[in-house]
Amino acid sequence: MAYTDRTLICIDCGAEFVFTAGEQVFFHDKQFVNDPKRCKQCKAKRSSSGSRVRAETRTTCSACGEETTVPFKPTQGRPVLCRSCFSKRQAAPSAASPNTADPNVAQS
Ligand SMILES: [Zn+2]
Ligand SMILES: [Zn+2]
């Protein structure tokens with residue numbers, strides 16, 4: 001199927017922008033059904049400033065049960081650690097038995 005460049009109107013600034021054939025192939029590959037709605041400038045503006053939504057996923061730490069967020073999609077069946085448990089585990093290479101760690105230990 002041949003694609004040709006199309007001119008679209010940005011919904012943010014109203015400027016015309018080109019939806020290139022290459023981008024259409026990309027969209028088709030990704031199975032995006034909607035045309036792009038914003039020109040490159042507005043898209044860049046939105047992603048660089050304003051609502052900077054990090055792709056954080058809420059999950060539960062498999063070590064301490066605390067609710068935490070991770071900057072990635074946790075894989076099913078794989079343990080997810082919160083920040084403190086993660087650094088604790090890194091500090092202790094032989095973390096085979098979690099019973100050795102006293103949760104009430106005071107930092108000195
Ligand atoms: Zn625009
Ligand atoms: Zn934890």
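Helices (H or I, at least four residues) and strands (E, at least two) are DSSP runs, numbered from the N terminus. This is a predicted model: local features need pLDDT of at least 70, side-chain atom pairs count only at pLDDT 80 or more, and totals for chains, interfaces and linings use all residues. Residues are numbered from 1 along each chain as its sequence is written, while chains are lettered from A and ligands numbered from 1 in the order in which they are written.

**Whole protein.** Colour by secondary structure. Along the sequence they follow β-β-α-α-β-β-α. Of the 108 residues, 3% count as buried (20 or more other C-beta atoms, placed from the backbone, within 10 Å of a residue's own; exposed means 12 or fewer, partly exposed in between).

**Helix H1.** Select residues 21–30. Is this helix buried or in the open? Of its ten residues, the number buried is zero, so H1 lies largely in the open. Now click Gln-31, which follows H1 and has a positive phi near 60°.

Select residues 57–60 and 67–70. These strands run antiparallel and are joined by four bridges. Strands pair if DSSP finds at least two bridges between them. Thr-60 has Glu-67 in E4 as its bridge partner. Six residues lie between the strands, and Gly-65 in this hairpin takes a positive phi near 80°.

**Val-70.** Stay in E4, where Val-70 is found. Val-70 has 17 C-beta neighbours inside 10 Å, so it counts as partly exposed. Which residues does Val-70 contact, leaving aside neighbours within four places in sequence? They are Glu-56, Thr-57, Thr-59 and Val-80 (contact: C-beta atoms, placed from the backbone, within 7 Å). Finish with a distance: the C-alpha atoms of Val-70 and Val-80 are separated by 8.3 Å.

Terms used:
Two residues are in contact if their C-beta atoms, placed from the backbone, lie within 7 Å.
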